[in-house]
Amino acid sequence: MAKEGQPVIFLDHASTTPVDAMIREEIARLMALPMNASSVHVPGQKARALLEESRAETAAILAVSPGEIVFLSSATEANNLALRGIAEVWRRQGRRLRVLTSDLEHSCIRETTADLASRGLADVFAMPVTPGGRAQLPETSDGVDLLCLMAAQNETGVLQDLAGATRLRRAGGGLWLCDVTQFFGAAPVRIADLGADLVSMSSHKVYGPPGVGLLAGPGVMRLLPMITGGPQEGDLRAGTQPVALIRGFAMALRQAEDRREARNQHLRNLESVFLRRLADLGVAHEVNGGAADARLPGFLSLRIPGLDGADAVVALDGRGFAVSSGAACATGVMEASPALRAMFPGDEARAGGAVRITPGAATTVADMLALADSLAELGRRVSTK
Ligand code: PLP
């Protein structure tokens, strides 16, 4: 644990981003107002107008129609609604949903598809994963009802084969659910061009407030709801909308569009400064996912031979750096994630060695150099053990 009062250098923006100051102010202002967008009185009408304005802005950014956007609590909920909503349609037709996915997908997709399979609602097929961290698409998607291919992987930042998925979809394959949660900050998403049926994303990864996400695309028209009990969000997600958070989300998407190029350049520069320092210090290391242009800008999953990822995270935390590993606690023991194990099958040391470093808009060159120095020190310790 970092010591009380010690400044923390936050290098875990893939897990969450701080809310932008201007957005925070706007949310605070709106939170003071009574805003139930379903109420008929004047404050309710104002809330509805703001909600629909936010929806229209979001739709324009994502190149879909406003009716093809469902606001909900998170990307986790978006992916649940997509998977369970389609599976329910198929179930009512007496069919099991045939899903093609991979170990690279976020746990909210992996675990939800596994749950559907365990209840006899889906048959799940896995795409192979390359050592470079890409899911390998099949030649054709005949016999697939739903393809789950994310845009960029959340542990390595590796960009997936979106062009291949667009081709498959255009060739008449099944529906395509594309999770762009990590991707959107780095690259625009125009759903009409992408050809995805459903796109999921989250506000708190793009300097917007936590507690809001969305599912968008023509496929929303085909879903059945998971949460019932009200007409909100086109009958697809009952419950009073958090208008202030949705407003903040729409603002964050706008900012991401406007600031993308500058941010990407900043992150690329931080990455190269950091890797150069590691090299200058003679620290042996491997970047999971390979070359910079195969990954999101500044998104580093690194391994220093001999250094365990989870141990490194704890040691760096003690030195005031917030980073993460690719490991999670499974039945009391730390285990490398399915994504990393799929990339390095049988090589637990490689999979378990990942340290994820994701700088953000406010990260400085000095932060990255300080991290490289601390990693070098940890690397020296394990090499002299
Ligand atoms: N999908 C991806 C690719 C993610 O990286 C995350 C969060 O890390 C999620 C989904 C879940 O997002 P949320 O925190 O909004 O539930």
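Just after helix 5, Gly 172 adopts a positive phi of about 100°, where helices (H or I, at least four residues) and strands (E, at least two) are DSSP runs numbered from the N terminus. The structure is a predicted model, in which local features need pLDDT of at least 70 and side-chain atom pairs count only at pLDDT 80 or more, while totals for chains, interfaces and linings use all residues. Residues are numbered from 1 along each chain as its sequence is written, and side-chain values use heavy atoms, with hydrogens and water left out.

Helix 5 itself spans residues 162-170, and Leu 162, Gly 164, Ala 165, Thr 166 and Leu 168 are buried in it; buried stands for under 20% relative accessible area, exposed for over 50%, and partly exposed for values in between (1.4 Å probe, protein chains only). The cover over these buried residues includes strand 5, strand 6 and helix 6 (191-194), with contact taken as heavy atoms within 4.5 Å.

Helix 4 (residues 107-118) has 12 residues and reaches 16 Å from its first C-alpha to its last, close to the 16 Å expected at 1.5 Å a residue, the expected span being 1.5 Å times one less than the number of residues. Its buried residues are Cys 108, Ile 109, Thr 112, Thr 113 and Leu 116. They cover an arc of only 120° around the axis, which puts them on the same side of helix 4; the arc is that of the directions from the helix axis to the C-beta atoms. An α-helix has 3.6 residues a turn, so residues three or four places apart point the same way. On the other side of helix 4, Glu 111 and Ser 118 are exposed. The buried residues of helix 4 are covered by elements including helix 3 (75-92), strand 3 (97-101), strand 4 (122-126), strand 5 (146-148) and strand 6 (175-179), and just after the helix Gly 120 takes a positive phi of about 75°.

In helix 1 (residues 21-31), the buried residues are Ile 23, Glu 26, Ile 27 and Leu 30. Seen down the axis of helix 1, these residues fall within an arc of 100°, so they line one face of the helix. The buried residues of helix 1 pack against helix 2 (42-62) and helix 7 (243-280). At the start of helix 1, a side-chain oxygen of Asp 20 comes to within 2.9 Å of the backbone nitrogen of Met 22; a polar contact is a pair of N or O atoms within 3.5 Å, and within protein one must be able to donate a hydrogen and the other to accept it, with residues adjacent in sequence counting only if both atoms are side-chain atoms.

## Nonpolar cores

The largest nonpolar core has 67 residues, and those with the most contacts inside it are Leu 62 and Phe 184; such a core is a set of buried Ala, Val, Leu, Ile, Met, Phe, Trp, Tyr and Cys residues joined through side-chain atoms within 4.5 Å. Helix 7 gives the most to this core, with 9 residues. A second, separate core of 26 residues includes Leu 81, Ala 82, Ile 86 and Leu 215.

Leaving aside neighbours within four places in sequence, the contacts of Phe 184 include Ile 61, Leu 62, Val 189, Met 201, Val 206, Leu 253 and Ala 256, and among them are also Glu 257 and Arg 260.

## The ligand site

The ligand is surrounded by 13 residues, of which the closest are Thr 76, Asp 179, Gln 182, Ser 202 and Lys 205, a residue being counted as near if one of its heavy atoms lies within 4 Å. A polar side-chain atom of Asp 179 lies 2.6 Å from a nitrogen atom of the ligand. An oxygen atom of the ligand is 2.9 Å from a polar backbone atom of Ala 75, and a ligand oxygen atom is 2.8 Å from an N or O atom in the side chain of His 204.

Ser 202 belongs to strand 7 (residues 198-202) and is buried, with a relative accessible area of 3%. Beyond its neighbours within four places in sequence, Ser 202 is in contact with Ala 75, Thr 181, Val 212, Gly 213 and Phe 249.

Most residues other than glycine have a negative phi, and most peptide bonds are trans.
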